[in-house]
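Let's take a walk through this fold together.

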Amino acid sequence: MAFGSFDSRHHQGPMAEINVVPLVDVMLVLLVVFIITAPLLTNSVKIDLPKASSNPNVTKPDHIEFAIREDGSFFWSGERINETALSERFALEAKKQPQPELHIHADRTAHYELVAQVMSGAAKAGLTRIGFVTDPSQ
């Protein structure tokens, strides 16, 4: 650093150096203030959240195996049933909780009209879960 002297013969120009010591002092004070106050700015509330299992508890309802043969005969879980008793059985099964699934097995050459009548009767009785069972090997 250049210091001025009292000797007038050695007159020097103005001092061109910047005094950085006060700047460093201010920066260190600000750094300490931010280090102290930063943890106080993060607000967190401890909450005990419930633990959930990844496996849902699903109860499988019973299912009805309903078959339609080529000749127009109906089978309810392997038991032959006529068309008049069909609507009564559908209404009885629709009242159960949980409602059973209706699995329809139809022969390849069975008339679509019979399948549509069975589906319509089941829907009118209140059964909502109706599905078709197919044989992928054929």
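Start at Glu93, which sits in helix α2, residues 83–94; helices here are DSSP runs of H or I with at least four residues, strands are E runs of at least two, and both are numbered from the N terminus. Keep in mind that this is a predicted model, where local features need pLDDT of at least 70, side-chain atom pairs count only at pLDDT 80 or more, and totals for chains, interfaces and linings use all residues. Residues are numbered from 1 along each chain as its sequence is written, and side-chain values use heavy atoms, leaving out hydrogens and water.

Is Glu93 buried or exposed? Its relative accessibility is 11%, so Glu93 counts as buried (buried is under 20% relative accessible area, exposed over 50%, partly exposed in between, with a 1.4 Å probe and protein chains only). Leaving aside neighbours within four places in sequence, Glu93 is in contact with Ile64, Trp76, Gln99, Pro100 and Leu127; contact means heavy atoms within 4.5 Å.

Now for the strands. β1 (residues 63–68) pairs with β4 (residues 101–106) in the parallel sense, over 6 bridges; pairing takes at least two bridges found by DSSP. Look for Ile68, whose bridge partner in β4 is Ala106. β4 also runs parallel to β5 (residues 130–132), joined by 3 bridges. Here Ile104 has Phe132 of β5 as its bridge partner.
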